[in-house]
Amino acid sequence: MPDSTPHPTRQLTFSTAINEALNIAMQTDDKVICYGLGTDDPKGNFGTTLGLQEKFGPQRVFDMPLSENAMTGVAIGASLNGIRPVMCHQRFDFFLLAMDQLVNGAAKWFYMFDGQRSVPITIRLVIGRGWGQGPTHSQNLQAWFAHIPGLKVVMPTSPADAKGMLLSSIFDPNPVVFIEHRWLHNMVGDVPEGDVRTPIGPLRIARSGSDVTIVSMSYMTVEALHAADYLQKRGISCDILDLRCVNPIDWPAIFSSVQKTGKLLALDSGAETGSIAGEVVARVAMNCMSSLTAAPARLAMPDVPEPTSFGMTKGFYVRASDVAVKILDMLGLEHGDVHEQLIEPTPHDVPGSWFTGPF
Amino acid sequence: MTPDIAKELLFRMKRIRHIEEEISVRYSEQAMRCPVHLCTGQEAVSAAAGLALKITDFAVSGHRAHGHYMGKGGDVPAMLAEMYGKRTGCAGGRGGSMHLIDESVGFMGSTAIVGNTIPVGVGLGLSFKLSGTDQVSCIFFGDGAVETGVFYESMNFAAVKKLPVLFVCENNLYSVYSPLRVRQPEGRKIFELAKAIGVESAHGDGNDVELVYTMLADAIARIRAGAGPQFLEFDTYRWREHCGPNFDNDIGYRTEQEYLENRALEPIKKQQDKLLQAKLITTAEITAHEESVRIETDAAFRFAIESPFPDKADVYRNIYA
């Protein structure tokens with residue numbers, strides 16, 4: 001069980017933090033099982049499941065047939081009898097085969113049987129961009145799942161939240177969709193030792209500021225932080241709210257920040273129309289109109305599938321420079337040296353030099 | 001087959017028949033405001049499965065689930081109250097006829113999407129294997145569900161893991177109004193398809209309740225002995241319309257003659273005549289049973305009708321645990 005005593009921290013990558021959460025969950029509760037395509041293969045789902053089968057055995061950690069829909073139903077069925085399954089998918093897109101079981105089954109079971117039995121399953125999905133992942137290996141469809149009552153949708157940014165929120169997800173009595181951005185897997189951060197759980201609900205203030213509120217999630221928070229570093233040098237301070245989960249959304253914290261800054265920029269890693277960012281703009285407009293000193297804005301992906309070609313993705317993604325430019329526009333300031341200071345990294349299609357493909 | 005079991009099978013079928021037919025009689029009152037998929041004519045499988053399974057075994061089903069629920073021992077007043085949308089319904093009025101549940105007898109749920117509970121039943125089987133119990137998970141579905149991808153996926157996984165799962169397919173030849181011949185290739189048997197996936201399978205006359213019981217009991221015994229999943233296909237026939245209380249042979253998707261031929265094969269009369277002929281039962285016993293079912297049914301309907309509706313505020317309860 002989690003405890004409240006202070007825990008020493010270490011620097012861990014996001015993927016190691018996930019691995020640690022899985023280890024702790026399986027150690028804590030022998031009803032936790034973990035399966036997915038390649039869960040026990042030499043790559044171990046981007047390193048996140050390495051060593052689990054050796055430690056907890058093939059009954060509790062196993063590879064599975066390429067049957068995303070049925071295997072989601074299997075998780076539901078097992079959970080109805082006390083098991084806590086964690087399913088691991090190497091791409092969000094693969095999981096689209098499982099919509100019946102997720103939407104008609106997992107999300108509804110507790111409600112449609114009047115609270116008699118909940119479905120405590122965790123579904124890990126990897127979103128991303130770049131490296132030619134293209135139209136069907138890079139989709140950021142978190143808004144779909146946030147739209148469905150009965151699901152919780154978690155999207156951590158920091159390694160500490162990756163660990164703490166995965167633990168919370170596994171021990172939550174509801175179905176939780178846990179979304180990891182591929183570009184975060186090698187990010188390093190302080191992670192507490194032990195069973196430290198981050199609650200699902202409250203957002204994280206990634207940086208405090210007073211001039212503009214940036215609401216963000218997952219990898220977009222990293223771009224927002226780069227933009228904020230640049231803007232700080234020009235005397236503009238950003239309040240960066242890292243949502244951490246997109247269902248539920250921590251509306252009071254968002255409203256309170258906008259009441260302080262009077263300005264909102266909502267970021268989203270998914271396509272613009274019907275996005276979480278759109279929902280943030282709508283609710284802020286409805287609830288904080290009198291506080292706003294500029295029209296709320298959003299930056300999301302264009303409403304087109306992501307192309308594969310290196311040549312076509314240059315300038316395609318929302319980057320720190322886009323965030324900074326948008327904020328300068330909202331404040332009525334000159335762009336100045338923003339494009340020199342926040343150049344698109346080269347190559348543009350990887351999160352850093354650590355990433356050399358193939359997936 | 002002991003005389004006691006033979007008689008119990010008859011009684012269970014007659015009870016299911018009577019309650020289903022009473023639903024069809026009362027449905028036109030417009031008080032059961034949800035779709036109903038009646039199993040009249042298909043009672044043998046429900047009655048036999050309920051008797052062959054233990055109360056500690058689990059079952060799941062699909063949209064035509066009344067018989068499976070009642071066969072497993074599900075609470076009948078709560079089932080009817082569910083159809084009337086009442087607070088006392090087995091799902092608190094949230095599910096209706098297609099969402100039945102009575103965990104106290106191991107009926108873990110029926111849902112409305114064809115094929116939807118097949119993997120759920122396999123997952124229940126996985127939970128038995130993980131916890132090392134000798135329980136069996138029984139999955140009821142029809143010939144239409146065999147056409148879903150999730151059927152193949154679920155059977156495949158159950159076979160890979162040798163899970164304690166009993167797949168029970170009631171082949172009533174129709175999916176809504178679409179006959180089997182436009183949905184599955186001629187000459188391909190469903191139970192042979194199951195065998196090819198790697199699940200031991202057999203096929204039997206779903207109107208012969210003693211045969212159905214024997215086949216189910218044998219399959220369940222094999223599963224408990226560790227033989228892995230078993231698949232049984234039973235031929236049966238839906239008397240009434242796909243959804244609703246009426247007969248629909250006049251609308252043209254099947255002929256009156258086909259219906260009459262199949263109805264003549266029906267399981268209840270067959271079993272009753274057999275037992276009377278063998279002097280294993282008396283007409284007095286049958287009459288007494290019919291009377292007790294009539295009293296039980298009337299009381300169950302009264303309970304459902306007199307129960308209160310849920311509060312409007314209940315809409316917002318139980319979205320999250």
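## The loop between E2 and H2 of chain A

Asn45(A) lies in the loop between strand E2 (32-36) and helix H2 (52-56) of chain A, where helices (H or I, at least four residues) and strands (E, at least two) are DSSP runs numbered from the N terminus. Its phi is near 50°, a positive value in a residue other than glycine. Because 26 C-beta neighbours fall inside 10 Å, Asn45(A) counts as buried; the term requires 20 or more other C-beta atoms, placed from the backbone, within 10 Å of the residue's own, while exposed stands for 12 or fewer and partly exposed for values in between.

Phe46(A) is placed in the loop between E2 and H2 of chain A as well, and its phi, near 60°, is a positive value in a residue other than glycine. Phe46(A) is buried, with 21 other C-beta atoms within 10 Å.

## Basis of the model

This is a predicted model, in which local features need pLDDT of at least 70 and side-chain atom pairs count only at pLDDT 80 or more, whereas totals for chains, interfaces and linings use all residues. Residues are numbered from 1 along each chain as its sequence is written, and chains are lettered from A and ligands numbered from 1 in the order in which they are written.

## Strand E5 of chain A

Strand E5 (residues 122-127) of chain A is mostly covered, with six of its six residues buried. On one side these are Thr122(A), Arg124(A) and Val126(A), and on the other Ile123(A), Leu125(A) and Ile127(A).

E5(A) pairs in the parallel sense with strand E4 (residues 84-88) of chain A over three bridges, pairing being assigned if DSSP finds at least two bridges between two strands; here Met87(A) stands opposite Ile123(A). With strand E7 (residues 176-181) of chain A, E5(A) pairs in the parallel sense over six bridges, and Val126(A) stands opposite Glu180(A).

## Cis peptide bonds

The peptide bond from Asn247(A) to Pro248(A) is cis, with omega near 0°, and Pro248(A) is found in the loop between strand E12 (245-247) and helix H9 (251-261) of chain A. The bond from Thr346(A) to Pro347(A) is also cis, with omega near -5°, and Pro347(A) belongs to the segment after helix H13 (338-341) of chain A.

## Contact between the chains

In the model, 33 residues of chain B are in contact with 33 residues of chain A, a contact being two residues whose C-beta atoms, placed from the backbone, lie within 7 Å. On the chain B side, the elements that give two or more residues are strand E2 (107-110), helix H5 (118-131) and helix H6 (149-161) of chain B, and H5(B) gives the most, with nine residues.
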